[in-house]
Amino acid sequence: MSTTLFISDLDGTLLNADSKVSDASVSLINEAVAKGALFSIATARTPATVSTLMSRIQTQLPYIVMTGTAIWDASSGLYRHAVFIDPRAASGIMRILRRHRLPAFVYYLKEETIQVYHMGPLSGLERDFIRQRDNTPYKIFHIPEDGESVLPDTLDNILLFYAIQPSASVEAVYREICLMEGCNPLFYHDIFGPETGIMDIFSTRASKALAMEWLKRSCGADRVVAFGDNINDLPMLRAADVAVAVGNALPEVKAAADIVIGPNTEDSVARFVYDHIDGDISL
């Protein structure tokens with residue numbers, strides 16, 4: 001019998017309307033894992049919030065974090081795998097951001113802890129973003145009141161750049177960075193609304209899809225069932241053996257899926273995993 005690895009996105013997929021893993025989902029997933037199911041997540045979040053959100057899930061597998069730039073082991077607090085942006089590409093990205101005066105966060109890995117810096121003045125949205133993620137052993141912010149951080153001397157360990165600004169401003173920079181070599185930018189809208197644009201910039205060697213393949217080999221699975229709802233899940237869904245979209249997913253995500261299940265508010269991912277522990281899924 002083939003071994004199936006289930007991998008779920010978090011926000012809008014496994015998490016409910018309160019951005020939590022519900023009691024019902026925790027119970028279903030833990031029971032599935034106890035019966036031998038392989039379960040993990042692939043999220044844009046960092047270990048700073050993943051550690052809390054997933055604290056009641058009893059899977060022994062590491063998690064794909066920061067949209068595939070790293071694989072993090074919650075039991076040890078260590079990174080099993082990390083993909084950094086080429087320093088020359090990082091330098092070019094910084095020049096473009098400064099020329100357009102687009103503020104952005106810089107995520108840098110040092111001694112198993114994410115160090116977060118910032119370029120440009122801080123917006124109110126960014127201040128809220130920091131407040132919600134500060135005071136954790138997994139992430140340290142190096143951001144003064146005016147927002148302009150003193151950046152590390154070396155650009156060798158940059159995991160990603162993250163911008164959350166007015167949509168038109170972000171999209172203009174995104175289009176220019178798309179022309180660069182050595183980086184993989186993503187532009188999308190999230191829970192903040194269509195007027196706010198989000199841009200993640202990673203190495204070309206980093207994606208949820210590539211991290212999913214790494215995890216698949218690591219745990220010895222024969223195939224992967226992946227769950228998602230948003231644009232940044234598409235590479236993972238396309239690379240999965242079975243792609244599952246939740247009912248609240250974007251239309252283009254549903255179009256790319258093999259199966260569409262119920263919405264994230266109905267514990268749909270957890271129920272699907274529990275109902276298909278043996279990996280017997282009919283398309």
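Me: What does it take for two strands to pair?

Reply: Two strands pair if DSSP finds at least two bridges between them. Strands are DSSP runs of E with at least two residues, helices are runs of H or I with at least four, and both are numbered from the N terminus. Here, β6 runs antiparallel to strand β9 (residues 158–166), and 4 bridges join them. In that pairing, V106 stands opposite F161 of β9. A word on the source: this is a predicted model, where local features need pLDDT of at least 70 and side-chain atom pairs count only at pLDDT 80 or more, while totals for chains, interfaces and linings use all residues. Residues are numbered from 1 along each chain as its sequence is written, and side-chain values use heavy atoms, with hydrogens and water left out.

Me: Which strand does β6 pair with over 7 bridges?

Reply: That is strand β7 (residues 113–119), again in the antiparallel sense. Y108 has Q115 of β7 opposite. The hairpin of β6 and β7 has 2 residues between the strands, and E111 there takes a positive phi near 50 degrees.

Me: What does the side chain of Q115 make a polar contact with?

Reply: A polar contact is a pair of N or O atoms within 3.5 Å; within protein, one must be able to donate a hydrogen and the other to accept it, and residues adjacent in sequence count only if both atoms are side-chain atoms. For Q115 the partner is the side chain of H142, at 2.5 Å. Q115 counts as buried because its relative accessibility is 9%.

Me: Where is K216, and what does it touch?

Reply: K216 sits in helix α7 (residues 208–219). Contact means heavy atoms within 4.5 Å. Not counting residues up to four places away in sequence, K216 touches L5, A221, D222, R223, V224 and D241. At 15% relative accessibility, K216 is buried too.

Me: How many residues are in the largest nonpolar core?

Reply: A nonpolar core is a set of buried Ala, Val, Leu, Ile, Met, Phe, Trp, Tyr and Cys residues joined through side-chain atoms within 4.5 Å. The largest one has 78 residues, and I7, L14, F39, M54, F105 and F227 have the most contacts inside it. Helix α2 (residues 23–34) gives the most to this core, with 5 residues.

Key: Buried means under 20% relative accessible area, exposed over 50%, partly exposed in between (1.4 Å probe, protein chains only).
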